[in-house]
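Reader: Could you walk me through this model, beginning with the terms I need before we get to any strands?
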Amino acid sequence: MTEENKHCYIKEGKLALPYQYFAGRVGSKFLVSLRDKKKILGVKCEKCGKVFIPPRKTCERCFEDISEKWVELSNEGEVTNFTVVRTDDKHHPRKAPYVLAMIKLGGADTPIAHILGGVDPDSVKTGMKVKAVFADKAVNTMLQIDRFEPVN
Amino acid sequence: MAKYFDVSVEDIFNTMEARFRVEGAKGVNAVLAYDISGDGGGKWLVEVRDDSVKVAKTDDLSGFSVKTSADAETFVGVNIGKIDGTQAFMSGKIKIEGDMALVAASAKMFTRYSLPKKSAVTVQGIFDTLVARFQPQNAAGLDISVGYDITGEDGGQWTAVIKDGKCALETGLRDNCAVVNIVKAKDYIDLILGKLDPMVAMGAGRLKLKGDMNVAMQLPKIFAKFEPPKEEEEQELIVIKRNISVDMKYSTGPVMGKFFEGLIEKKILANKCPKCGRMQVPPREVCAECRCWAGDMIEVGPSGTITLIEIIYYSSPDPLTGETRETPYAQVHILLDGIGTEETFWHLLKNEDLADTKKGDRVRPVWSDKRVGSVHDIIHFERIRD
Amino acid sequence: MKKHKKNRNVAIIGIGQTHHSSHREDVNQPEMIHEAVERALKDAGIGIEDVDALVHGNMELFEMVHQPDLWHVIGTGGYGKACYRVTTGGTTGATIVGVGDNIVASGLHDIVMIIGFEKQQEGHTTGGITNMADPLWARNLQTGALTGATAEKTINEFGADRAKRAAMRLRVTLDKHASLNPHAHRNFGLDYDQIDDLMVNSPQLVGELRLIHMCSQSDGAVAIILACEEKAKKISKKPVWIRDHVTVHREETFNMFGINENQEVTHHNAARKLFGRNGITNPREYFDVFEMYDPSSWWGLDWLREFLQLEGDEHLKMVENDEVSINGSFPLNPSGGVISTNPIGATAALRVAEAALQVRGDAGAHQIPREVKHALASGFGGTFWTVLFMLEKDLDWQEAE
């Protein structure tokens, strides 16, 4: 201990805050459809033609209201990119190692990030065909899709 | 009984036991008193004991944990969601005495009073669509009048005049009806919606047909089935609730570190600005005015004089612990002896001193037995009464 | 007095705000913001492509989301644009207008949109405020933004009855103003005959600070579009000129309560600087309207004195004589003020927006009934710091210099 830090201490503390988040009408329709119908919905901007998932009220490029332009997407898609999470952290949704993948669903123009399960992490490849596996109980978040798994 | 928004005050209290939610009342032991003024008002006591509830009309509201007073209209309006409760409370239309936290908790103890659902289908509504439901292809060559004598509440009399492949509806009964249907309004709605079998209704005498039975038998063909208006479903709006909790580590640095060392030894240390002489407590590295290093530590207090007393009547839960301090309690700002006139020291006042302590009174710290170098090394300040 | 001259003039050319409410379950954060953004663009008569840069702000920790400026892009229209996120506590809304003012005045960007928002229903306001305090000491004692200190000070100075009556009269006056503002979150329909009742029966929060005195927690957003003189004159029929603004900060401290009552507070300091360098000798006469950040009626009452550099009981008299009502000689918060509407990150920006609407004559039912040429708008935050704006109808003050 040097003279300078002789009087320095570390005090344990906590930052704990409750909060809630409202999905809004557009987000709620998406989540309720996942939960009750096991259908994945996107929205299409008719100006630029892009199909967005998760849906949003406004096209970020064209600044058009697209909240009513629903399209049903396929529950299957392909891996466009992925990474293997190899460290554990209490905030992570799964125990390591697990695969986080960018998945482009049939009919969508934007990929979504999700968990890829039911597969050896070392055998995942870009272009791999995957399908959504829905959660059994109400989750009311993106994890209403529990994970994706390879087709066959 | 006076009704507000179609509901009486009695309706609210009479359904309260049925609306009780055991899971929302766990650990609650409280007596909720209600003093409802105006037409249809009265006094009620609602006794919640963990997993049971007792609702009683009474003249004696003594011994309550919390008392809510309101006029009957406001009370009913808030209970059925027609009047905003917070708004009514803040503008003084609802008054609350006692443990205010119980009022918020009672929202969890009881499900909301819901209005008895009225059928969306009315007799008038059925006749409003009659002409549109007319099927001319099944009425070729017909020249008849069909009478409807719908009795009871919301009933009425109508005549459908069918001629030349057209149908017109008149109110009232024509004398020359080929057949007249006589039925109570409620039964008629059930018949139309298919909830009541016509043969059963006739057998039981609830549906009477006066006139030509053959015409009566043709009626289901002449008019298409009534489709009840679809009730617009309210969209489910998703909300997620979370609690972010992150463990933190805070560095005291040498100045605050010395201050904490002092507290462990029951000493309050301030630092002094070498330039202006200003003293700061708790100490900060630099003088807030001169912005120069102020490292000299000088013991002050520990007794001092109250400069401001803040009595807290409303306490929200501490997000760091989830606990809510019991109210009222007081915070005091104290000018510690020897500190000069620049800075007060902020801490709590002993609850027993709350009633008679004021600005200018002398106080001293009550030290904790377990001192670790924290704000809690001083439990609170107490009034010096000698 | 030191000269404070802008590189070029800046005007407000577009204003948009949401309806403010205690709950907005129907929209998420970017969707709520988008409502204000769309209205501001429409008000200015321009498209998002005409906006060069965005300044985005709200309270830290209030919704417990980080980097909201990034995931709000869908609502703000910030895609590919210069975006700045600024947060300074309660003053945030005023600070973002100040940053926008500086960016345009400097010549860096011609058209800048500022966006302030808060969705307080989503977070824990007292928790968020508590976390601003020193974790080793003050955080353990803090109770959010509630304090009865100003009430006690005013009562000590003017006597309990007069002080309480004046604070409640101001409360009722602002409630009447709020009832004229369709965007306002709360108006109770209060009347002056309720003063005696509310003085005694409104529940106490801290000391003589009662529930009815305290501002609301609201969900809402505001967007304001600022432009340089050249563009403003082209685009807008009624540009409102930001003549000057001043920011006065100080150390976050709880150690000043109860002593040094003669020490100059930041509101007084800010007003003294702003009026001094603009040659305003009698602000009460000069300004036609004041949109003040009034978190409670006790503060609103006390701060009239600080901002207007008044002596003695002049500020009480202004309230007692109804000078501060919408029809009075010095209308205060014709919008209803913070006491009626408080989506915190937007609140101080709303003061500037509402003052600008008054200058334009576009405030609708809460437009004050005479011409507004000069307006004052303030922001407040922390234990004490200040942002103060002065707005002008005509671009004529430089000739006088």
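Author: Two strands pair if DSSP finds at least two bridges between them, and strands (E, at least two residues) and helices (H or I, at least four) are DSSP runs numbered from the N terminus. This is a predicted model, in which local features need pLDDT of at least 70, side-chain atom pairs count only at pLDDT 80 or more, and totals for chains, interfaces and linings use all residues. Residues are numbered from 1 along each chain as its sequence is written, chains are lettered from A and ligands numbered from 1 in the order in which they are written, and side-chain values use heavy atoms, with hydrogens and water left out.

Reader: Then how do S2 and S3 of chain A pair, parallel or antiparallel?
Author: Strand S2 of chain A, residues 40-44, pairs with S3(A) in the antiparallel sense, over two bridges. Across that pairing, A:Val43 stands opposite A:Phe52 of S3(A).

Reader: And which strands of chain A are at the edges of the sheet?
Author: The sheet is open and has three strands in the order S3-S2-S4 (chain A), with antiparallel pairing. Its edge strands are S3 (51-52) and S4 (70-73) of chain A, each of which pairs on one side only.

Reader: Switching to chain B, how many helices and strands are there?
Author: Chain B has 10 helices and 19 strands. Its radius of gyration (over C-alpha atoms) is 37 Å, well over the 21 Å that the globule rule (2.2 Å times the number of residues to the power 0.38) gives for 386 residues, so chain B is more spread out than a compact globule.

Reader: What box do the C-alpha atoms of chain B fill?
Author: Along the principal axes, the C-alpha atoms of chain B fill a box of roughly 115 × 50 × 35 Å.
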